[in-house]
Structures are given as C-alpha cells and as structure tokens.
Amino acid sequence: MKLTSVLLFTMLSLLTSCNGQPYNPNKFTELSEELFIKGDTVNELGSSIMVVFQDKKNIYWFGSWKSGVYRFDGKTLINLTTKHGLPNNRVDEIKEDKYGNIYFTSCSPNSTISKFDGHTFTTLLPIPSNEWKIQSNDIWFKHSYRTEKVFRFDGITLHELRLPKPPKISNSFEIYSIYTDNKGNIWFGTNPVGVCRYNGKSFDWITEEDVTEFRNEGANGVRSITEDKNGDFWFNTEYRYSVYDTTTLKSNKFYTRHLSIGGLDGKNDSDLDEYLSTVRDNNNNLWFVTYRNGVWKYDGKIVTHYPVQIDTNNITTFSIYKDSNGDLWLGTPENGAFKFNGTIFVKFKK
C-alpha cells in the first residue's frame, strides 16, 4: 500500500464510524452501550489479567493475555474479544485519550494498537517516522518485543519511531516501559541497555549496572518507572535516582544514584532487589509488586510485606495500579485481578 493511501485510510478511520457518519467524540457513552449489549456478559474475569485501567467515566477495564479485555461499570461485566472486533486477544496496555476513546495494545507476537470509540474497533496503521517531539495530547505505546521502537500517536498519525542507542553501546534492545514524569519528559525502560529520558530535544541515558544486569547475571528489563514524593526515580531495582535538567548542568552526568532500601526483605543477598511494578499511593507510600513474593509497601522508613494468597497459598503477581479513588489493584498471570481492602489484597468478584 502506498504511503499516501495509508495516510488517507488512517485519517478516514479516525474521522468516521463504521456506519459512515461523522465521528463525534461526545457520543462515546451513547454509542458504547450499543456495542456492550452485543458483548459477552460474564460472571467473572478470566484467569490471566495482566493490566487494570480505570477510564474518565470510572469504568474499569481488565486486559488479559488470553481472553481479550473486560469492561466493568459497577454492575455488569462484559468480555470483548476478537469476535467483537478486537484484533488480538492479548492486551498489554490500556490507555485513553481526551475524548474518551480507549486504546488496547498487544505487543506479541506483532504490535497491534486498536482504538475503541464506543462503537467499533479500529486498528491504527503505523507510519515509519523521525518526528520525535512531545505534544500535550500525544499518546505513547510500546512496540512489539525484540525491537528498538515505540509509537507516538498524535490523534491522526501513529508515528513508528526508533529509539537511538545509548553512547558506546551496540547491543540491540527492546522497550519494556514508557513513563511521563511530572515535568513532561518521556522515559523509556529497556532490556538490557538501561533507561532513557527524552525531553523533546535530546536523549539522556542511564546505563548503570542495576538497570542493565541482574545481580545473579542475566539481563534486567526496566518494567517499572516511578517518581517518589521527593521527585526521585525508581527503576524496579534496589537503587533510586535523583535526576536533573541537562540545561542547568555543568557536567554530562544528569543524575545521582543512591542505594535505597536494598532488598525488600532487608537481606544483603536478597533475591528481592528487583521487582515488576511500582505505584505511589495517595499517602506517598511506594508499593512494589514481585512475581512470586507478593507486594511490599515502603512508607519512607519501614518496608511491610503483603502476601497475595488464595486458600493460604501464595500466587504469582504481575502489575499494580492505582485508580482515581486511590484504591490499589493487582493484575496476576493466573488468578484474575485483586483489590486492596486496607488490610489484604482480595480477589475481585463483581
């Protein structure tokens, strides 16, 4: 397909609905009810819930690696899959634009980004691009694994961008996480070459050992990027980083690396010096999710362990999410979603 044809198709897909009427973002709620009646009403989530998201209308979305996406409005649980128009039953990311359109990303085996406008799913077509920039309404998506690319969607064009390699490093890499900080900079967590900050003009890399290699050898993928109450950054390792604006620096190094809490269990040779996902709650506590060892909270002084269990058996966990109410949710590979009740994490049931 020629480039002009692809651009035309992309613009038409964004501006019209499947019945040929002009697209009106304000009709999201009205149109969505039509589709959800046709979705599969279910009594429970599937087992593999890897991502949790709450939209502007307080609707919860649960992304699965096996059974598509689930929508919960507080009463009804709806399952949407490929038979309803979702291009892939694996969902790695869920995001929302200012109009209320929801986007579902699948990163494996090949990237697909689907925009859901409440009436239909539209697969966005990427255009190879060098237009690196930061705009307030842009949405950034991960690319498929084993590439050095990301996507930037400006509302019209899905720009496929290649992240420049860090200086003096020739290794290939993939991008595990994307984060927008409090100053509007975009951060990319990679495997295995570290962390990159893009400020709209330049790329600054952190390639310290803790963000490139596991303590017991092997590659460390930076899956989680979070700022604490002091503005320091945590990259799912035992260290934290103070970072600075490169325009005010007199040296090339734009960060200071601090040994922080170390292993979550306080042991010098702990296996819990890396984790999968982090979030900061409304009380400025940091919550860390490990794969096999539950959830850990750090209040700035004390680390507290919260096992995640079913029938007293520990389960594997993958991601943590804070909703608009400040409630904490977990995504798990094999046991659905969990919600924190103030004391323990309890399996979600509608």
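Strand β14 gives the most to the lining of the largest pocket, with five residues. This is a predicted model, in which local features need pLDDT of at least 70 and side-chain atom pairs count only at pLDDT 80 or more, while totals for chains, interfaces and linings use all residues. Residues are numbered from 1 along each chain as its sequence is written, and side-chain values use heavy atoms, with hydrogens and water left out.

The chain holds two helices and 31 strands, where helices (H or I, at least four residues) and strands (E, at least two) are DSSP runs numbered from the N terminus. Of its 350 residues, 53% are buried, a class that means under 20% relative accessible area, with exposed over 50% and partly exposed in between (1.4 Å probe, protein chains only). Among the contacts with a separation of 6 or more, 49% are between residues 24 or more positions apart, a contact being heavy atoms within 4.5 Å.

The largest pocket has a volume of about 1,600 Å³, and of the 41 residues that line this pocket, K95, I178, Y179, I225 and Y321 are the closest to its centre. A pocket here is an open set of points, on a 1 Å grid over the protein atoms alone, where a 1.4 Å probe fits and protein lies on both sides within 12 Å along at least five of seven lines; lining residues have an atom within 4 Å of a point. The volume is the space filled by probe spheres set on the points. Strands that each supply at least two residues of the lining include β2 (49–54), β6 (93–96), β14 (174–180) and β28 (319–322). The lining divides into 20 nonpolar, eleven polar and ten charged residues, with Asp, Glu, Lys and Arg counted as charged, Ala, Val, Leu, Ile, Met, Phe, Trp, Tyr, Cys and Pro as nonpolar, and the others, Gly among them, as polar.

Side chains of opposite charge can pair when their charged atoms come close. With a salt bridge taken as a side-chain nitrogen of Lys or Arg within 4 Å of a carboxyl oxygen of Asp or Glu, the count comes to 14. Three of these pairs are set out below.

| Salt bridge | Closest N and O atoms |
|---|---|
| E148 and K165 | 2.8 Å |
| K339 and D327 | 3.7 Å |

In the pair of D138 and R152, D138 is buried at a relative accessible area of 12%, and R152 is buried at 0%. E148 is also buried, with a relative accessible area of 9%, whereas K165 counts as partly exposed at 35%; E148 lies in the loop between β11 and β12, and K165, 17 residues apart from it, in the loop between β13 (158–162) and β14. E148 and K165 are also linked with R162 in a network of salt bridges. K339 counts as partly exposed at 30% relative accessibility, as does D327 at 26%.

Most residues other than glycine have a negative phi, and most peptide bonds are trans. N58, in the loop between β2 and β3 (60–64), has a positive phi of about 65° although it is not a glycine, and N58 is partly exposed, with a relative accessible area of 44%. R146, in the loop between β11 and β12, has a positive phi of about 70° and is exposed, with a relative accessible area of 76%. The peptide bond from N191 to P192 is cis, with omega near 10°, and P192 has its place in the loop between β15 (186–191) and β16 (195–198).
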